Amino acid sequence: MSPATKNTDNRRERINKLKRAFAYNIFYQQGVTTTNASLNDIYLAVSHTLRDRMQHLFINSIEAILEKNSKIVCYLSAEFLMGPHLHNNLINLGLYDEFSQAAEEAGLNLKEIIDHEEEPGLGNGGLGRLAACYLDSLASLQIPAIGYGIRYEYGMFDQEIVDGWQKELSDRWLHSGNPWEIKKPDLARDVGFGGHTEIYHGEKGNRRIRWIPARVITGIPYDTPIPGYKVNNVNLLRLWSAEAHTSFDFADFNTGDYYGAVEDKIKAETITKVLYPNDEQFQGKQLRLEQQYFFVSCSLQDMIKIHLFMNDSLDNFSDDFAAQLNDTHPSVAVPELMRLLLDVYLYDWEKAWEITCKCLCYTNHTLLPEAMEKWQIDLFGSLLPRHLEIIYEINRRFLDEVRLKYPGDEGRLERMSIIDESGPRYVRMANLACIGSKAINGVAAMHTDLLRKHTLADWNTMYPGKIRNVTNGVTPRRWIAVSNPRLTSLITDAIGEKWITHLDELRNLEKMADDAAFLDAWRKVKEDDKQDVADIILKYDNIVVDPRAMFDVQVKRIHEYKRQHLNVLHIITLYNRIKANPDIDITPRLFVFGGKAAPGYFMAKRIIKLITSVARVVNNDPDVRDRIKVYFIANYNVKIGHIVYPMTDLSEQISQAGMEASGTGNMKFSMNGALTIGTLDGANVEIREEVGADNFFLFGLNVEEVMDLQRSGYNPMDYYNNNAELKQAIDLIASGHFSHGDRELFRPVVDSLLYDDQYTLFADYQDYIDCQQRVGEVFEDKTRWTRMSILNTARMGKFSSDRSIMDYSKKIWDVKPFPVELKWQRLPADGVLFPKIKEEKEEKPL
């Protein structure tokens, strides 16, 4: 038998096994037959089939790590915006084609099954999506890792647009079942809240402190395997769900107190009920702090149990774990790890502090001091009294150190103190994280530079070298291979598939940027992606879109500093030009917006209403003649991102310079061949450096110019009064033209710009309009635009999350790849998955 024939026979056998597995899981897992199975039944059956084929990799990975005692990266994040699992896992495991064929032969449509998957809304935006990209890269680079977070019962709200307004609906992502997670109740951890502390003396007569919590919540882990791309390594996402220690009180029930019988259960489960509760009220603030401490405590306890399974003490804890704090949400890890070491494992202060500082690392994601998380002392002390005592002691010792190094510098002491005493007293979580971590990192070169010079200047002076840069990245597996199969095929046919794990290989496309046939093929991919979207918009919204128009896209969280309303001012300017001269020559454009506003953010929700109101007028004005159209995508999420990034011609990255820490949407757009119009903000700076200034549309003030303008007394009315087109656009909004004559509806937006303009829209307006004019002219030259598009993709190698993880590994974590060798292809004959490594250990570590 020839090798080719043997391979064909093996594939045939695998396809047949998959079809049998589909039927088996539909019948035994879902309890239905193939004749009455719903689409959700089929999705769950197919997903279980894939998960079953991932389990031997997962078990082998765990066993290998425990045997070799490999260092594990623990990524602590309040958000993990993973996106749908099925398609991504099929790609990473190299099983997409076989599953597709098996599904087709079984009379199923794999694309329809993939589209059915409910997206876990366990994140708000960039923070959670970054965490998800990093988990993918950690597994693909074969670095052992655990992502620790919260299993929110209700994720980020679903967004509907009703009469142009955002309406928030519950995100019931678990309603139809989650086939990827495995509940591990035997690995539950207890977490205390409230109560008091008491002093006692240990066996050696030394003074010790014991925390007596008022209530205890149980954290139940739910494990989701995260496979790497075509490797044996499978890492772990462990999310914690809160349950009551005692979920039902028979005594209360029997006396007729039916609510009291389940009161503890309700209170406990509230902690993991919803992502980011509205914290305008005290109860919301308390719940957010409870959420943060709950998942951090569970995670640290878990890490300690894993370590002690392999070691006799915690002396070398930092040799086994590098814990990355993704923003300030997990920074309560500093006093919690100290509490565990001091009070539970009875270390002295100096050794406990040494272990803590060697283990923890902190990523800063903001430049705004006012955005640094802080908690009122009274609230913090009432929930975590022992932790507040530890924080006071950390602060006392730290400020003594500052006094020795900078005697008499009271201003520095005030700025660096963990306790903010400038008014009502607060615990500054960023300062706590800076003190208790071995490294602090920014997320883009400019962001890190501004941290060193401004936001964290005191820390940079006191600890030179502690603040490091790791520019963000995104995974090319999800954001090209999964989301853009046409482009993936074109690139792979041209340069091979190595680029999927070595994104620098895309540089090989540069030599093809002048090849006429390749230019045509590249343009055809973009046109087909745009046609798909035009068909969707026509089907669901009955709006006719010309796929030959420029697709000009801004999708991101709605916030004033991201300046969606600057984009709107450009649309209104074009509209005014058309109204003044209906025959004017304007490059046809579809302006696409998407993003959610925080439920309590008045101005952001008003900006959504402005966008949809402008869309209603522009799209229905016969003078416009379809040359410009405006479309707002409701409920923007990862699944929609799979469609948006491939279709985009122009990526709007127009935040005020110095406001965006990095951004990752900018990277996803450029990877998929979109050109960028943007300011020198966040990672835009590095993207422009990589793709070349000639392939990036730059406008606006830079950071220094913004600061100089604001220091000199910026007056937006000067720009309004001296720019006719700007004045005309603002006046048209104020007149009620886009609000059925209601002059009050958008008054808050107009007044904010005229009398404050915190984010200098007016100062950047004319440069933005002029730059957009250049964009339109270049777009008309199809060959030039396509060449620029190819070069953008070709030069995006730096922005792979693989490169980011390698930077973390070398600069911060001190970890190396740990390739897993397969021992088991299936369940061992004796059924033992976890051989006893040490007979005296009773609890499984994972």
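Predicted model: local features only at pLDDT ≥ 70, side-chain atom pairs only at ≥ 80, totals over all residues.
Colleague: How many salt bridges does a search of the whole structure find?

Modeller: The search gives 61. One of them joins the side chains of D302 and R238, at 2.7 Å from N to O. This pair links distant parts of the chain: D302 belongs to helix α9 (residues 282–310) and R238 to strand β10 (residues 234–244), 64 residues apart.

Colleague: Why is D302 called buried, and why is R238 called buried?

Modeller: Buried means under 20% relative accessible area. D302 has 0%, and R238 also comes out at 0%. Both values fall under the limit, so both residues are called buried.

Colleague: Are E744 and R747 buried, exposed or partly exposed, and why?

Modeller: The side chains of E744 and R747 meet in a salt bridge of 3.0 Å, N to O. The relative accessible area is 48% for E744 and 37% for R747. Exposed would need over 50% and buried under 20%, with partly exposed in between, so E744 and R747 are both partly exposed. Elsewhere, salt bridges that share partners join E350, E393, R396, R397, D400 and R403 into one network.

Colleague: How do you know that E79 has no salt bridge?

Modeller: The nearest side chain of opposite charge, R288, is 7.0 Å away. A salt bridge has to be within 4 Å, so E79 has none, although E79 is buried.

Colleague: Where is E79 found, and what does E79 touch?

Modeller: E79 is found in the loop between β1 (72–76) and α3 (86–92). Not counting residues up to four places away in sequence, E79 touches L122, G123, N124, G125, L127, G128, A131, L275 and Y276. A polar atom of the E79 side chain lies 3.3 Å from the backbone nitrogen of G128. Polar contacts are counted within 3.5 Å, so that distance is inside the limit.

Colleague: What is noted about the phi of Q142 and the phi of R625?

Modeller: Most residues other than glycine have a negative phi. Q142 is not a glycine, yet its phi is positive, about 65 degrees. R625 is not a glycine either, and its phi is positive at about 55 degrees. Q142 lies in the loop between α6 (126–140) and β2 (145–150), while R625 is in the loop between α23 (602–620) and β20 (628–633). R625 is partly exposed, because its relative accessible area is 47%.

Colleague: Why is S437 called buried?

Modeller: The relative accessible area of S437 is 2%, under the 20% limit, so S437 is buried. S437 sits in the loop between α16 (429–436) and β16 (440–442). Leaving aside neighbours within four places in sequence, S437 is in contact with L325, C357, L360, C361, Y362 and K466.

Colleague: Which residues of helix α26 are buried, and what covers them?

Modeller: In helix α26 (residues 684–691), the buried residues include N684, V685, E686, I687 and V691. Their cover includes α17 (445–455), β21 (650–653), α25 (665–671), β22 (675–678) and α32 (782–794). After α26 comes G692, with a positive phi near 100 degrees.

Definitions and conventions: Residues numbered from 1 in each chain as written. Heavy atoms only, no water. Helix = DSSP H or I, 4+ residues; strand = E, 2+ residues; numbered from the N terminus. Buried < 20%, exposed > 50% of the residue type's maximum accessible area, 1.4 Å probe, protein only. Lys, Arg positive; Asp, Glu negative; His and termini not counted. Polar contact = N/O pair within 3.5 Å; in protein donor to acceptor, adjacent residues only side chain to side chain. Contact = heavy atoms within 4.5 Å.
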